[in-house]
Amino acid sequence: MFKLKVMTLQSTQFLPFKPRRFRTLRTISALMLREISTTHGKSAFGYIWAIAEPAAGILLLTLIFSLALKSPPLGTNFPLFYASGLLPFLAYLDMSGKVAQSLRFSRPLLAFPAITVLDPILARTLLNGLTQALVMAIVFSGIIFGFGVDITLNAYRIASAFFMAMTLAIGLGTLNCYLFVRFPFWERIWGIVNRPLFFLSGVFFTFESIPQPYADYLWANPLIHLVGEMRRGVYVTYEGEYISYLYVYGIAGACFGLGLLSLRRYYRTDLHS
C-alpha cells in the first residue's frame with residue numbers, strides 16, 4: 001500500500017495539467033518573437049530596419065524644418081527642440097496604434113487557453129516600446145554629436161516622459177482594441193481625430209507661449225504633458241509647471257481598465273464571430 005501511494009505521487013509530477021512556471025512571461029516572449037519574425041522576417045535587415053527607418057525619417061524631417069525655422073523657443077538648436085517634441089509624440093502614436101491592432105494580429109492564437117486577452121497587448125507594448133526607445137536614443141545621439149550641441153540631459157525626466165507615452169499608449173490602445181472590433185466606424189473617426197494632434201501637442205511651440213483661454217483648452221490634451229516632460233529632460237532650465245502626472249496616468253488607467261474589462265467580457269463573441 002505504501003509503495004502504491006509513492007508511485008501515485010511520483011506519477012502526478014508528469015501530468016499534463018501541472019502548472020507551468022512563468023507562463024505569462026513565456027507567452028509574451030513567444031508573441032514578441034512571433035511578431036518580429038512575421039513582420040520583419042522577410043526583410044534583409046530584419047528588426048534592425050524597424051529601428052533604422054523611423055530614426056532616419058525623423059532625422060530627415062528635423063533637418064528639413066531646421067532650414068525654415070532657425071530660432072527655437074528653447075535653446076539654440078532647432079533640431080534638438082523639434083526632436084524633443086516629435087519623438088515622444090511619435091512614440092505614443094506608434095505604440096497606441098500597434099496596441100489597438102494587437103488582438104487582430106494575434107486573433108487565431110486567442111483560441112488557445114494559455115493565451116489571454118492581455119498577453120498580445122503586453123507583447124506589442126513591450127516590443128514597440130523597445131523599438132521607440134532605441135529610435136529615441138539614435139535620434140538624440142545623432143543630433144547632439146552631429147551638431148556638436150553642448151547640453152546636459154536629465155535621464156530621469158526623459159525616462160519619465162517615455163513611460164508616460166507608453167502608459168498612455170497602452171491605455172488608449174487597449175480601449176481602441178475593443179472599440180475597433182465592436183464599432184468598426186470608430187477606427188476611421190479615431191484616425192481623423194489624431195491628425196491635428198501633430199500641431200496641438202507642442203511639437204513646434206511651448207505651452208507657455210499660448211495665450212488664454214486657448215492654453216486651458218490645450219491643457220486637456222494629455223500629449224502636451226508628456227512633450228513638456230521630455231522638454232524638461234532635454235532643457236534643465238525648463239520648468240513646465242503645467243505638467244500633471246495625475247491627469248495623464250488617470251486617463252491612461254481609466255482607458256486601460258475600461259478597455260480590458262470590455263475585452264474580457266466580449267472578446268469570445270466579438271473576436272470569434
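Helix α4 (residues 78-100) packs against α7 at an angle of about 30°, and their axes lie 7 Å apart. Here axes are lines fitted to C-alpha atoms, for helices over the stretch in contact, and angles run from 0 to 180 degrees between N-to-C directions. The crossing of α4 and α7 is right-handed; a crossing counts as right-handed if the near helix is turned clockwise from the far one by less than a right angle, and left-handed if anticlockwise. On the α4 side, the contact (heavy atoms within 4.5 Å) is made by Pro88, Tyr92, Met95, Ser96, Val99 and Ala100. The α7 residues that take part include Ala165, Met166, Leu168, Gly173, Cys177 and Phe180.

A word on the model itself: it is predicted, with pLDDT of at least 70 needed for local features and 80 or more for side-chain atom pairs, while totals for chains, interfaces and linings use all residues. Residues are numbered from 1 along each chain as its sequence is written, and side-chain values use heavy atoms, leaving out hydrogens and water.

Helix α7 (residues 155-182) also meets helix α6 (residues 118-146), again in a right-handed crossing. From α6 come Ile121, Leu122, Thr125, Gly129, Gln132, Ala133 and Met136, which face Phe162, Met166, Ile170 and Thr174 of α7.

| Helix pair | Angle | Axis distance |
|---|---|---|
| α4 and α7 | about 30° | 7 Å |
| α6 and α7 | about 145° | 11 Å |

By class, the contact of α4 with α7 has 13 nonpolar, four polar and no charged residues, and that of α6 with α7 has seven nonpolar, four polar and no charged. Ala, Val, Leu, Ile, Met, Phe, Trp, Tyr, Cys and Pro count as nonpolar, Asp, Glu, Lys and Arg as charged, and the others, Gly among them, as polar.

Now to the chain as a whole. It has 12 helices and zero strands, taken as DSSP runs numbered from the N terminus (helices H or I, at least four residues; strands E, at least two). Of its 273 residues, 45% are buried, meaning under 20% relative accessible area with a 1.4 Å probe, protein chains only. Among contacts between residues at least 6 apart in sequence, 76% join residues at least 24 apart.

Finally, the largest cavity holds about 40 Å³ of space. A cavity is a set of points on a 1 Å grid over the protein atoms alone where a 1.4 Å probe fits but cannot get out, and lining residues have an atom within 4 Å of a point. Among its lining residues are Phe205, Thr206, Arg231 and Tyr242, and the lining divides into six nonpolar, three polar and one charged.

Methods. On a 1 Å grid over the protein atoms alone, a cavity is a set of points where a 1.4 Å probe fits but cannot get out, and a pocket is an open set with protein on both sides within 12 Å along at least five of seven lines; lining residues have an atom within 4 Å of a point. Grid points are joined across faces, edges and corners, and a volume is the space filled by probe spheres set on the points. Buried means under 20% relative accessible area, exposed over 50%, partly exposed in between (1.4 Å probe, protein chains only).
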